Amino acid sequence: MADLGDWIARDAAVVWHGFTQMAAYADNAPVIVERAEGRELIDVEGHRYLDAISSLWVTTLGHHIPELDAAAREQLDRVAHSTLLGNGNRITIELAEALARVVPVDGPHFLFASDGAAAVEQALKIAFQYWTNRGVAGRTTYLAFGGAYHGDTIGSISLGAGGFGTDVFDPLRFPVLRAPGFDDPHAIEVAVELVARHASELAAVVIEPLVQGAAGMEMLPAAAFAPLATACREHDVLLVCDEVATGFGRTGTLFASEQCGLRPDIMAIGKGITGGYLAMAATVASERVFSAFLGPDLSERTLYHGHSYSGNALAAAVALRHLELFEEWGVLANVRARAEQLRALLAERIAPRAEVRAIRQQGLMVGVELAPPRDGLRWGRRVCAASVRHGVLLRPLGDVVVLMPILTSTSEEIEHIVATLERAITEGTAE
Ligand SMILES: *Cc1c(COP(=O)(O)O)cnc(C)c1O
């Protein structure tokens, strides 16, 4: 049997990992997963890791869930994939009907894609063409926020605020109007002013409702968002909510827009849509937006955009079963109970520490911001590495340690995550 070192060498020889310096990859003790059970990942040597980042924010119910496995197997016995360009697939229809009952969008229509970034890209193109189709000229720009992250395609990095070493792409980014990030309590106020002043140029406002995840879990109170919806309505600007990270229960409601009192014209969903099983995302358009694209066959009102694996049947089967389980298992009630437990434990054991600057939490999305005494200490990286050594998988955003427990976590697992973090902070911040 090949050992871990062999697998890491084979990996480094042929796989190019995203957001990873490959020259250092093998030396950074990567975990090489072979299988999983529940909320634990198991590596090629049988070591177990509690997945406290939900496999980078996608896993909802857990890994290797018998019901989801069965849904994939049953769909395999019918068909794995057939194109949605001009034709339909039964399971994709059933999924869209089920999603339509729960998304906070009026008269929703679903344009499927495979990644969150593509769902955002689709939202940008739909918003742009919406105005063209209506015969309104000049609506060619977008309002986005400081700290925003919407994925890594050129359109989504243009909306994004940059960072993560992506400044190299600045010459490719198209300009957008930018409101402050959620670390500024006046972000929404400024955005409302910008909407009023620039409405005639704006195709859409694009926002991550409630939580800016990649910004380091920056948050605003739910009540802060309503004025933005009002401004968009009054000035006739489309509102796009990017719920790729916040969707599917992460913040304590199925979608964060519900808490914020937002009913977006367009919504992007992804990550948790299949419970973390398969690559699927979707752009959800309201009836008002969708109907602007209706016209004669082959006319220019058509949305000429599509992806090969749009509405993939295997992914749709898992996503449909996932939605049912969410209800059957009372997942949201567990999210709220575990979130309260986590909040209390963090307040008691982590917040008082001198190494910690701030803790931000909404549901089971948490950022523990460390306070290194000077630059270059890489506390975030070192604390997470210490945690992984003790069997709890974490990954930082700079010096913010992200905790994103799987939504079905037990109270023992939440205790274990916090106890391990406590120990990891001590070890990772020692000189
Ligand atoms: C992860 C993320 C995306 C991009 O999704 P991918 O599936 O990684 O392309 C977009 N928006 C937000 C808010 C995200 O967190």
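Colleague: Which element gives the largest share of the lining of the second largest pocket?
Modeller: Strand S4 does, with four residues. Keep in mind that this is a predicted model.

Colleague: Which other elements give two or more residues to the lining of that pocket?
Modeller: Besides S4 (109–113), the list has helices H5 (90–100), H6 (116–133) and H11 (287–291), plus strand S12 (281–285).

Colleague: How many residues line the second largest pocket, and which lie nearest its centre?
Modeller: The lining has 29 residues. Nearest the centre are Leu84, Phe110, Leu111, Phe290 and Leu303.

Colleague: And how does the lining of the second largest pocket divide into nonpolar, polar and charged?
Modeller: It splits into 15 nonpolar, 13 polar and one charged. The second largest pocket holds about 810 Å³ of space.

Colleague: Switching to cavities. How many of 30 Å³ or more are there?
Modeller: The count is one. About 70 Å³ of space lies in the largest cavity.

Colleague: What lines the largest cavity?
Modeller: There are 14 lining residues. Tyr149, Ile157, Gly162, Thr166 and Arg173 lie nearest the centre. By type, the lining has five nonpolar, seven polar and two charged residues.

Colleague: Where is arginine 173 found?
Modeller: Arginine 173 is in the loop that runs between helix H7 (154–159) and strand S6 (177–179).

Colleague: Is arginine 173 buried or exposed?
Modeller: Its relative accessible area is 17%, so arginine 173 counts as buried.

Colleague: Which side chains have a polar contact with arginine 173?
Modeller: Threonine 166 makes one, at 3.0 Å. Aspartate 170 makes another, at 2.5 Å.

Colleague: What about aspartate 242? Where does it sit, and how far away is the nearest side chain of opposite charge?
Modeller: Aspartate 242 is in strand S10 (residues 238–242). It is buried and has no salt bridge. The nearest side chain of opposite charge is lysine 271, 7.2 Å away.

Colleague: Which backbone nitrogen does the side chain of aspartate 242 reach?
Modeller: That of valine 244, at 3.0 Å.

Colleague: Next one, aspartate 51. Buried or exposed?
Modeller: Buried, because its relative accessibility is 2%. Aspartate 51 belongs to strand S3 (residues 48–51).

Colleague: How many Å separate the C-alpha atoms of aspartate 51 and valine 392?
Modeller: The separation is 6.3 Å. Along the chain, aspartate 51 and valine 392 are 341 residues apart.

Colleague: Salt bridges now. How many does a search of the whole structure find?
Modeller: It finds 21. One of them pairs aspartate 265 with arginine 288, with the closest N and O atoms 3.2 Å apart.

Colleague: Which parts does the pair of aspartate 265 and arginine 288 tie together?
Modeller: Aspartate 265 is in the loop between helix H10 (256–260) and strand S11 (266–269), while arginine 288 is in helix H11, so the pair ties together parts 23 residues apart in sequence. Aspartate 265 is buried, at 13% relative accessibility. Arginine 288 is partly exposed, with a relative accessible area of 36%.

Colleague: Which residue meets glutamate 415 in a salt bridge?
Modeller: Arginine 349, at 4.0 Å from N to O. Glutamate 415 lies in helix H15 (residues 411–428) and arginine 349 in helix H13 (residues 331–349), so here the tied parts are 66 residues apart in sequence. Glutamate 415 is partly exposed, with a relative accessible area of 39%. Arginine 349 is partly exposed too, at 22% relative accessibility.

Colleague: And what does arginine 321 meet in a salt bridge?
Modeller: Glutamate 328, at 3.4 Å from N to O. Arginine 321 is partly exposed, at 22% relative accessibility. Glutamate 328 is exposed, at 52%.

Colleague: Which residues are linked in a network of salt bridges?
Modeller: Arg35, Glu37, Glu40 and Arg48.

Colleague: Last topic, backbone angles. What is phi of alanine 29?
Modeller: Near 50°, a positive value in a residue other than glycine. Alanine 29 is in the loop between helix H2 (22–25) and strand S1 (33–37). With a relative accessible area of 58%, alanine 29 is exposed.

Colleague: And what is phi of serine 55?
Modeller: Positive, about 50°, and serine 55 is not a glycine. Serine 55 lies in helix H3 (residues 54–57). Serine 55 is partly exposed, with a relative accessible area of 29%.

Definitions and conventions: Residues numbered from 1 in each chain as written. Predicted model: local features only at pLDDT ≥ 70, side-chain atom pairs only at ≥ 80, totals over all residues. Heavy atoms only, no water. 1 Å grid on protein atoms, 1.4 Å probe; cavity = no way out; pocket = protein on both sides within 12 Å on 5 of 7 lines; lining within 4 Å. Points joined across faces, edges and corners; volume = space filled by probe spheres on them. Nonpolar A, V, L, I, M, F, W, Y, C, P; charged D, E, K, R; others polar. Buried < 20%, exposed > 50% of the residue type's maximum accessible area, 1.4 Å probe, protein only. Lys, Arg positive; Asp, Glu negative; His and termini not counted. Polar contact = N/O pair within 3.5 Å; in protein donor to acceptor, adjacent residues only side chain to side chain.
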